[in-house]
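Please look over the model below before reading on. The notes that follow are arranged by topic.

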Amino acid sequence: MIIDTHGHYTTAPEELQAFRDAQLATLGQASATPTPAAISDDRIRESIELNQLKVLRERGGDVMLFSPKASGMEHHVLDPAVAAAWARVSNDLVHRVGELFSEHFAPVAQLPQTPGGELDGVIAELRRTVSELGFVGVNVNPDPSGTWAGKPLTDESWFPLWEAIEELDVPAMIHVSTACNPNFHTLGAHYLNADTSVFMQLLVSDLFVRFPRLRVVIPHGGGAVPYHWGRYRGLSMRYGWQEPAELLRNVYFDTCVYQQAGTDLLTSVIPTENVLFASEMLGAVRGGDPETGIAWDDTKQYVDRAGLSAAALTAVYETNARRVYPALDRRLTARGL
């Protein structure tokens with residue numbers, strides 16, 4: 001089985017964006033609360049069958065972890081009520097995808113984070129999606145402001161969220177949303193900055209001493225982390241921090257790296273048991289490499305050519321994901337998969 005651990009609903013029916021546009025147009029108007037338009041099952045089926053499911057099958061995949069569109073989370077919008085309604089509508093739609101295509105899609109939640117916002121509503125949506133709707137994971141934005149104005153995710157202000165995530169036994173994928181600083185392109189800089197910065201935050205903290213069962217997935221190949229592994233080791237020795245390898249009891253990286261050399265580097269630096277197959281297909285990077293003829297996000301081709309043993313490939317493609325996402329394993333087992 002091949003499990004793709006990183007997918008977003010980038011092809012959602014246009015009614016979802018219409019609801020969001022109405023929300024943003026009525027910000028600050030207490031009496032104006034838009035109502036989501038009804039979206040039929042047929043509309044959802046069409047949006048999935050002609051897109052993610054079609055490509056997943058063509059590339060030999062079986063299951064995808066599926067969350068709302070990352071750049072559309074827009075956590076920089078300040079109103080907690082707006083954020084809560086937007087997360088609920090987005091998550092409910094992803095849940096419906098998981099019900100209509102239960103053998104192929106497992107839902108991952110968007111949280112209603114806001115800049116400097118309180119966490120009660122965030123934790124409530126976490127509990128609703130995991131405990132009531134059967135979501136297998138959650139996306140956590142380390143920078144709800146979009147400008148890196150907040151506190152690091154190792155700050156004690158984040159602890160109630162980590163406590164709830166650890167209690168529910170689901171992993172947290174680190175995923176920012178839209179950048180609000182023009183110095184940082186959302187797709188080309190902001191996402192990779194977040195991956196790299198979060199690893200550094202973890203390296204200089206004792207977060208996993210406090211939360212030893214917390215599991216964190218850093219996507220996009222870990223940003224700069226594998227490429228600069230020696231830098232992190234050297235800094236740790238210089239300043240007396242923990243060894244970077246100590247984080248690997250709790251931190252995992254995915255294979256959303258869109259070239260062979262990058263995939264080779266990732267799988268040679270990071271132990272195989274800490275690598276999860278992922279593509280983020282139909283996401284940030286679309287089209288194909290004219291030099292190789294391979295679609296940028298057809299990451300299975302790069303992993304297949306990375307020189308891994310058969311056992312390592314099985315781990316990257318399936319067993320690591322089932323171990324890191326125990327709710328996914330239970331979901332697949334219940335369906336005889």
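This is a predicted model: local features need pLDDT of at least 70, side-chain atom pairs count only at pLDDT 80 or more; totals for chains, interfaces and linings use all residues.

Residues are numbered from 1 along each chain as its sequence is written, and side-chain values use heavy atoms, with hydrogens and water left out. Helices (H or I, at least four residues) and strands (E, at least two) are DSSP runs, numbered from the N terminus.

**Sheet**

- Eight strands make an open sheet in the order S1-S2-S3-S4-S5-S6-S7-S8, with parallel pairing; two strands pair if DSSP finds at least two bridges between them.
- Strand S1 (3-9) and S8 are at the edges with a single partner strand each, so one side of each has no neighbour in the sheet.
- S5 and S6 are paired in the parallel sense over two bridges, and Met 173 stands opposite Val 217 in S6.
- Helix H6 (residues 159-168) packs on the sheet, where it touches strand S4 (137-140) and S5, and its direction makes about 160 degrees with that of S4.

- Helix H5 (residues 120-132) has 13 residues and reaches 17 Å from its first C-alpha to its last, close to the 18 Å expected at 1.5 Å a residue; the expected span is 1.5 Å times one less than the number of residues.
- Among the buried residues of H5 are Val 122, Ile 123, Leu 126 and Val 130, together with Glu 125 and Arg 128; buried means under 20% relative accessible area, exposed over 50%, and partly exposed in between (1.4 Å probe, protein chains only).
- The cover over the buried residues of H5 includes helix H4 (80-100), strand S3 (105-109), S4 and H6.
- Just after H5, Gly 134 has a positive phi of about 80 degrees.
- The 18 residues of helix H7 (residues 186-203) should span 26 Å at 1.5 Å a residue, and the end C-alpha atoms are 24 Å apart, which agrees.
- Buried residues of H7 include His 190, Tyr 191, Asp 195, Phe 199 and Leu 202.
- Strand S5 (172-174), helix H8 (207-210), strand S6 (216-218), helix H9 (229-239) and strand S7 (251-254) pack against the buried residues of H7.

**Helices H1 and H4**

- The axes of helix H1 (residues 14-25) and H4 come within 11 Å and cross at roughly 175 degrees; axes are lines fitted to C-alpha atoms, for helices over the stretch in contact, and angles run from 0 to 180 degrees between N-to-C directions.
- H1 and H4 are therefore roughly antiparallel to each other (under 35 degrees is roughly parallel, over 145 roughly antiparallel, 65 to 115 roughly perpendicular and the rest oblique).
- H1 contributes Leu 16, Phe 19, Arg 20 and Gln 23 to the contact, and residues from H4 include Trp 86 and Leu 93; contact means heavy atoms within 4.5 Å.

**Aromatic pairs**

- The count comes to 11 aromatic pairs, for rings of Phe, Tyr and Trp (its six-membered ring) with centres within 6.5 Å; planes under 30 degrees apart are stacked, over 60 edge-to-face and the rest tilted.
- Phe 277 and Tyr 317 form an edge-to-face pair, 5.1 Å centre to centre with 70 degrees between the planes.
- Phe 277 lies in the loop between strand S8 (275-276) and H11 and Tyr 317 in helix H12 (residues 310-324), so the pair ties together parts 40 residues apart in sequence.
- Phe 277 is buried at a relative accessible area of 5%, and Tyr 317 is buried at 7%.
- Ring pairs also link Tyr 9, Phe 66, Phe 101 and Phe 105 into a cluster.

**Thr 299**

- Thr 299 is in helix H11 (residues 299-304) and is buried, with a relative accessible area of 1%.
- Neighbours within four places in sequence aside, Thr 299 is in contact with residues including Cys 256, Tyr 258 and Phe 277.
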